[in-house]
Amino acid sequence: MEELLQQVEQNNLELQALSTALEGKRFELLSGNNLPDPEVGIFYLPFGENITGDYTEYQITQSFEFPTVYSSRKNLINQQVSQYELEYKARRQEILGSAQAYALELILISKKTGRLYIPNRTSQNSF
């Protein structure tokens, strides 16, 4: 039974999609807690009252919020990720529970009829 449930988990397209969506959501949430991009500015004044000739000034700025904002945001992100993981686990349990119920029903029917159904592993239309 465990092998069957592992195969269902590996081959179920909905579980694969949910797992991929969970990873995407995790990366999306984590990327929202980064510092904004730095800004670069260049000032060039060709005509001025400078002794050395043309005047050029370079400016690089980086803005950031108060440090506790990042830790609070990280806590919120961790809670949201946990919520998405719980939703994935709940749906996974529903799918595996359904697969287990079908497998037990198939075993019961095969015992009642006296025939054991063993799916052909090379065929795609086993069930």
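The protein chain of this predicted model contains three helices and two strands, where helices (H or I, at least four residues) and strands (E, at least two) are DSSP runs numbered from the N terminus. Read from the N terminus on, these elements follow the order α-α-β-β-α. Residues are numbered from 1 along each chain as its sequence is written, and side-chain values use heavy atoms, with hydrogens and water left out. Local features need pLDDT of at least 70 and side-chain atom pairs count only at pLDDT 80 or more, whereas totals for chains, interfaces and linings use all residues.

Helix α2 (residues 13-31) packs with α3 at an angle of about 180°, and the two axes, which are lines fitted to C-alpha atoms over the stretch in contact, lie 10 Å apart. The angle, taken from 0 to 180 degrees between N-to-C directions, is therefore classed as roughly antiparallel, a term that applies over 145 degrees. The contact (heavy atoms within 4.5 Å) involves residues including L15, L18 and L22 of α2 and I77, V81 and Y84 of α3. By class, this contact has ten nonpolar, two polar and six charged residues, with Ala, Val, Leu, Ile, Met, Phe, Trp, Tyr, Cys and Pro counted as nonpolar, Asp, Glu, Lys and Arg as charged, and the others, Gly among them, as polar.

Helix α3 spans residues 67-113 and includes S110. S110 is buried, with a relative accessible area of 8%, buried meaning under 20% with a 1.4 Å probe and protein chains only. Across the protein chain, buried residues make up 14% of the 127 residues.

Methods. Buried means under 20% relative accessible area, exposed over 50%, partly exposed in between (1.4 Å probe, protein chains only). Angles under 35 degrees count as roughly parallel, over 145 as roughly antiparallel, 65 to 115 as roughly perpendicular and the rest as oblique.
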